[in-house]
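Here's a quick briefing to get you started.

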Amino acid sequence: QQQQQQQQQQQQQQQQQEEEEKALPWHWLPWVFTVCVTVPLLGLVMGSLLIFAGPRGNEARQFCEESSASVHVLQPVNTWSNLPFIAVGLATAWRTTQRPALRGQDNRCSVLVAHPMTAALYSIVCVVLGLGSILMHATGSAVGSALDRAGMVLLITLLFSFAAARHLPTRRRGVVLLAVFAVALAIGLVYSFAMPSIPLPFNFSRASQFLLLLGVPALLLELGFMIAFSGCVRRVFRRRGWRALELERNVWWAWLSLGCLVVAITIWPLSLTGAPLCYPNSLLQGHALWHFGCAGALFCCHAYALSERAAPPCKTDIVTPEGV
């Protein structure tokens, strides 16, 4: 029997190695896609700032920083503080390549690993968000503002899709996630650009309203899943004979992401034009800190999702209510 068990273990290990070898090219899909999108878009944005120098708009006037004398960049600090979004996009794509994709084990690892296209989408959205904000703060134009809002809608729909679909007990989580993302994105773009605003405090734009409408449910969903995947709840499920939740994750990344987001959201209204933390001629702009905080939150959120892995099996048999 021991020899048979050893043979079965060896066969399983060989099968896993064969699956990993077959899936090896997929490791590079997020990195390749992200680089192929980032390089031309970054060149296009920088080239447009250099070539089309001229009068700038007023779309960025609410973000405190004094307009510079440069004909290329209207708000230098607020503009270049968006580079961390591009760095986060490239870094998250690279980190995903370091985790082997496991075919046929979709419910045993992170959806970012099992479905490389979702990882590529996450990284590309981070890059697009940064480039849109660069155009808005550099030009102050209506086009730059529209691209900035579109990037925010892309981001919040993606985060909502991750929270809503990646925990589904199905091998087609990636397909469901992309479907939810497509539907939510269509609704978000229509709401942000084609529908009237709902009256809310602080004169929120339609894009900001959409961030609240999807961002709060996404945050509540993720907090609920964090509790559901905690060790205490898993032990309760096992003691009652229920099916144990299969994934565990490093929740410290989630709390770190939430902390960065709370700091960024706190700074944002305090650093607008006329607010207490508004210093128009300073190199330390509160809105730039908002960019850094959001970029840090996105990186930690990706690390949290990437840390999902199969939970270790119980060392003891499941105890049913009757056996308690």
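**The big picture**

This protein is built from 12 helices and two strands. Keep in mind that you're looking at a predicted model. If you walk along the sequence, the pattern goes α-α-α-α-α-α-α-α-α-α-β-α-α-β.

**Overall packing**

- The protein has 324 residues, and 40% of them count as buried.
- Among contacts with a separation of 6 or more, 76% come from residues 24 or more positions apart.

**Helices α4 and α12**

- Helix α4 covers residues 83-97 and helix α12 covers residues 286-306; the two pack with their axes 9 Å apart, at an angle of about 10°.
- Angles under 35 degrees count as roughly parallel, so α4 and α12 are roughly parallel to each other.
- On the α4 side, the residues meeting α12 include Pro84, Phe85, Val88 and Arg95.
- On the α12 side, the partners include His291, Phe292, Leu298, Phe299 and Leu306.
- Sorted by class, the contact of α4 with α12 has 11 nonpolar, four polar and one charged residues.

**Helix α8**

- Helix α8 runs over residues 173-194, which makes 22 residues.
- From the first C-alpha to the last, α8 reaches 31 Å, close to the 32 Å expected at 1.5 Å a residue.
- Its buried residues are Arg173, Gly174, Leu177, Phe181, Ala184, Leu185, Gly188, Tyr191 and Ser192.

**Two single residues to look up**

- Cysteine 64 sits in the loop between α2 (29-51) and α3 (76-80).
- Although cysteine 64 isn't a glycine, it has a positive phi of about 75°.
- Buried means under 20% relative accessible area, so cysteine 64, at 6%, counts as buried.
- Arginine 309 belongs to strand β2 (residues 309-310).
- With a relative accessible area of 40%, arginine 309 is partly exposed.
- Arginine 309 and glutamate 248 are 61 residues apart along the chain, yet their C-alpha atoms are separated by 5.6 Å.

Key:
Residues numbered from 1 in each chain as written. Predicted model: local features only at pLDDT ≥ 70, side-chain atom pairs only at ≥ 80, totals over all residues. Heavy atoms only, no water. Axes fitted to C-alpha atoms, helices over the stretch in contact; angles between N-to-C directions. Helix = DSSP H or I, 4+ residues; strand = E, 2+ residues; numbered from the N terminus. Parallel < 35°, antiparallel > 145°, perpendicular 65-115°, else oblique. Contact = heavy atoms within 4.5 Å. Nonpolar A, V, L, I, M, F, W, Y, C, P; charged D, E, K, R; others polar. Expected span 1.5 Å × (residues − 1). Buried < 20%, exposed > 50% of the residue type's maximum accessible area, 1.4 Å probe, protein only.
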